[in-house]
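Please keep the sequence and the 3D view at hand while reading.

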Amino acid sequence: MQIQPIIAALRKHRLATVLLALEIALACAVLCNACFLIISRVQHTHVDSGVDESALAAVKLTGYDPASSVDLNARVLSGLAKLPGVQSVNVINAVPFGDHAGTAGISTDAAGKHFAGIVDFYVGGPGSFKALGLKLVAGSLPMASDAQPLDSFVPENATVWVTRALADHLWPGTDPLGKEFWTDKFHFRVGGVLAHLARPWGGEGGPSTIDWSVYVPAQAGRQLAGTYLLHAAPTELPRVLRDARAAMASIAPDAVVDSKNSQTLGTLRETYFRQDRLMSGILLGVICALLLVTALGIVGLASFWVQQRRRQIGVRRALGATRSDILSYFQTENFLIVSGGIVLGMVLAFAINLLLMQHYELPRLPLYYLPIGALSLYVIGQLAVLGPALRAAAVPPVEATRSVG
Amino acid sequence: MFAYYLELALRSLKRNKVLTTLMVLALGLGIGACITTLTVLKLLSGDPLPQKSAQLFYPQVDPFSMDGYVEGETKPQTTMTYTDAMNLLHARKATHQAVMAMTGAKIAPARANTHPFYSDGVMTTSDFFGMFDAPFQYGGGWTEADDESRARVVVIADFLNDKLFEGANSVGKTLRVNDHDFRIVGVLKHWAPQPRFYAQDLGGRSYGDGDAVFLPLQSARAADMAAGNTNCFDVIKDIKNLETAPCIWLGMWVQLDNGAAVADYKAFLANYARQQIALGRFHRPDTALPDLMQWLRDEQVVPDDVRLQAGLAFGFLLICVINTVGLLLAKCLRRSQEIGVRRALGATQRTIFAQFMVEAGIVGLAGGLLGLLFAELGLLGIRHQPAEYAGLARLDLTMFAFTFVVAIVASLIAGLLPAWRACVLAPAPQLKAS
C-alpha cells in the first residue's frame, strides 16, 4: 500500500485530521495514566496478610474499667471458648486490617542512635501464633516460655518473630536469627522469621513497608486485654462471630462491643480496601466511556469521508482497484492518523504523569504502558474504521460516472 | 430570524440522526462526569460557616525541640499542649476563644435493657457555642465558671436527644457519660458544618454527622475521657495525665473581628513564643494564625481521590468536546452545497455563522439535559459510596444551572470552528459541483 496518496488526501482535510489525532492523543494520555492508577490500586488490594484470614474473626471490647481487665480477660476467654464451633480464642492487641495498636519506631542499637523505621508490634497470647496461621521460614516456633507478662505495650525483654521483609530491611544480606533491636528501653531478640504479616492499618511508609510487623508472644493481663482472636472453621465463622457478639452481653455486660472492629478478617479486609476498589471501578468506567467516545468520533469522521469520496472511490474501482485495495486504503489512513495521535499522546501521558507525581505521590509511569496503550488505540481505531471502510469497499465502479450529490 | 435558524438547525439535526445522537451522547457523558465530580468537589471544599469564617482563626505555636527543624520551612505544630492552650485562652486577647479536643464518649441510656454505646464527643470550653453560632433548641451552653469548677454539665445534639428522650426538652435531666453523671444544660438544633473544620487534626472525621455530646474540657478529663489525637515530643512519665505531659492534643479557635485585631493577635502570638523561648519551654520561634478557609487548605481536607476524579472528568469532557468539533465539522462540510445556495441567495457570512452556532447550541442544550441525567445517576452512585461525605452528595440549584452553562459553553466552543469553516466557504465552486 502506497502511503503518499493517503498523506496527500489527508492534507486536504488538515483540520479534521488534526482534530482526530488530537482526540486520540488525549485518549492515549488519559488511558495510560488511568490504567496505571488502576493497576497500582489493584496490586495494593492483593496484599498477602500472612494470616489465615478465612478462619479468623476479631472481637473488640471498649468502655470497660481498665482495673477490671484481668477479670474481663478470664471471663471472655473462658466464655468464648465454650461456644460451639470455636476452635481457639486468644487475646491479641491488633489484627490485620483492623485498628493499629502497637506502632513504634525501632533502632538497631541500645542507645537509639540508628533509627531503623516505624514498625507494628502484634502482641498476642501464647496460642495466637498457631491461630493466626503464621508461616515460619527460619528459626523455631515460639515456646510457652516465650510468652511473658506485660507491664507496658510490649515486654521489656522479649524473643520476637519478624517478617522477612523487615529482616531484609534491618539486616540486609545477613542471617537475622539472634539479631537484636530496641524501642526506647525495650529490647528484642529475633527468634524466627515469618513469610508475611501485614501491619494492621497499612503502614505509614507506603506499600513497601506494609509487611514491617513484629510478632511478640505475651501473656494476657492488664496491658493486653479487650481484643480477642477467634479461630473457627471458615464455613462456621460467620455464625460463630454472631454468637460471640451476642454472648458478650452476658459475659461482659460492662463493656461495649466495638462493632466496626468486631468482624471476620474477611470483612475487615473488604472494608479496608473498599475505597481502592471503588476508585478502580470509577477509573475503569471512565476508560470505557473514553474509548467509546473516541471510537464514535472515528466512526463519525470516517463515515463522512467515505460519503464525501464516493466518486473518487468509484474512479479508483473503475481504474482497476480491488475492494480490498479500498478497504486497506481507509485502514491505512486510520493507522496513520492514530500513529500521529499516539506520538503526541505519549508526550502528553508523561506530562500528566509528572503532574500527578507532584500532587499525589505516584511513582513514574513505567515505559511498558506506552506500547500497551498504543496497541489498544490501534485496535480501537481499526475496529471503528472497519464499518465505514467496508461501506467504502462496497462502492461500485459505476459511481465514477455519477455526479456528486 | 432566530426562529428560522432554529428550524433550520432542527431540520439539519433530524436529517442525520445517528451523527446527532453520537454528538449529544458524547457531550452528555462528558458533562455528566464533570458535574458529578464538581458537585462533590464543591461540597467538600465548601465554607462550613459562611457568615463567620472570615473572622475565625486558628492559632498555632510549636513546643517541639530543634530536631529536624529547618528555618523558614518547618510549619508550626497544628495542635497545642494543655499549658499553651490554657495560657492563650486565659489571655483573652480575642472576642471569643475556645480550646477543644475530640473524644469518644461512652453513653449509657437510663432505660432498662439498653446497652451502652459510643458516640462522638467534643471536650471544649464555654465560648465554643457562641463563637461557632451553634443554635440551641433547648437551654444553652455552660459558663466560664462551669469550666473552672469542673461542673458535670453537658450539651447534647438533636439526634441524641431524639434517641434518648424522644425529642422532648431534656434540659436538667441526667446523662451517664463514661460512667459519670452529667447534667444536660442545652440541646442543639441540627448543627453539622461541612467540612468539620473544628475536628480537623484532633482525631475527628473531616465530613459527616455532627458530634453527639459537648462537655467542659476539664470536667470531661476528670471523667477519664481521652483525647482523639495525642502527639508527644519528649519522654512521657504519665500518659494518663495529659495536662502535664509533653504532648500536643488540643486545638484552639479565636474570633477576631477586624484586620487590626488580627495584626494584634499575630503580634501577641509571636511575643508569646519569644517569651516561652526565654523561659526555656519553647525552642522554635514560628507561629501561625490561618483563617478558617486557609486552615482547611493547609490541612488539604479535600481527599486526593476527589480531585483526581475531577481532573479526570475534565480531561474526559475535553475529549468529548474535540469529538463534537470533529463531528460538527463533518456535518457542516457535508452541507457545502446548501451553504453555497444560501450564500448565492443573499445570506451573509454572518448569518451562516449564526445558523451553525444555533445548531451547535441545540446540541449543547440536548447534551446538557442528558448530562443532567448522567450527573444525577453519578451522584446516586456516590451516595452509595463508603466515603464519609457520601450522604451529602446532591445536586443543588447552582450546580443545576451550572450544568447548562457548561453544556452551552462547551458546545459553542465546539461549534466555533465548524461554523467559521462554513461561513468562509466560497459559494461558487459549491454551486458548480452540483
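How many residues does the contact take from chain A and from chain B? It takes 33 residues from chain A and 31 residues from chain B, where two residues are in contact if their C-beta atoms, placed from the backbone, lie within 7 Å. The model is predicted: local features need pLDDT of at least 70, side-chain atom pairs count only at pLDDT 80 or more, and totals for chains, interfaces and linings use all residues. Residues are numbered from 1 along each chain as its sequence is written, while chains are lettered from A and ligands numbered from 1 in the order in which they are written.

**The side of chain A that touches chain B**

- Helix H2 (14–45) and helix H8 (274–308) of chain A are the elements that give two or more residues to this side; helices (H or I, at least four residues) and strands (E, at least two) are DSSP runs, numbered from the N terminus.
- H8(A) provides the largest share of the side of chain A that touches chain B, with 16 residues.
- By class, this side of chain A has 23 nonpolar, 8 polar and 2 charged residues. Here Ala, Val, Leu, Ile, Met, Phe, Trp, Tyr, Cys and Pro count as nonpolar, Asp, Glu, Lys and Arg as charged, and the others, Gly among them, as polar.

**Overall form of chain A**

- Chain A contains 11 helices and 11 strands.
- The C-alpha trace of chain A spans about 100 × 50 × 30 Å along its principal axes.
- The radius of gyration of chain A is 32 Å, whereas a compact globule of 405 residues would have a value near 22 Å. This radius is taken over C-alpha atoms, and the globule rule is 2.2 Å times the number of residues to the power 0.38.

**A sheet in chain A**

- In chain A, 4 strands form an open sheet in the order S2-S10-S1-S11, and the pairing is antiparallel; two strands pair if DSSP finds at least two bridges between them.
- Strand S2 (86–91) and strand S11 (256–257) of chain A stand at the edges with a single partner strand each, so one side of each is left without a neighbour in the sheet.
- Within chain A, strand S1 (residues 56–62) and strand S10 (residues 227–232) pair in the antiparallel sense over 5 bridges, and A:Leu56 stands opposite A:His231 in S10(A).
- Helix H3 (residues 69–81) of chain A lies across S2 and S10 of chain A and runs at about 165° to S2(A). Axes are lines fitted to C-alpha atoms, for helices over the stretch in contact, and angles run from 0 to 180 degrees between N-to-C directions.

**Strand pairing in chain B**

- Strands of a sheet pair through backbone hydrogen bonds, either parallel or antiparallel.
- Strand S2 (residues 96–108) and strand S3 (residues 117–124) of chain B pair in the antiparallel sense over 8 bridges, with B:Met100 opposite B:Thr124 in S3(B).
- S3(B) is also joined by 4 bridges to strand S8 (residues 213–216) of chain B, and these two run parallel; B:Leu215 in S8(B) is the bridge partner of B:Met123.
- Strand S4 (residues 136–139) of chain B is joined to S7(B) by 3 bridges and runs antiparallel to S7(B).
- Strand S5 (residues 153–156) of chain B pairs with S7(B) in the parallel sense over 4 bridges, and B:Ile156 stands opposite B:Val187 in S7(B).
- S6(B) and S7(B) pair in the antiparallel sense over 4 bridges. They form a hairpin with 2 residues between them, and B:Asn178 in the turn has a positive phi of about 45°.

**Backbone details in chain B**

- A cis peptide bond, with omega about -10°, joins B:Gln194 and B:Pro195; B:Pro195 is found in the loop between strand S7 (180–188) and S8 of chain B.
- B:Glu166, a residue other than glycine, has a positive phi near 50°, and B:Glu166 is found in the loop between helix H6 (158–165) and strand S6 (174–177) of chain B.
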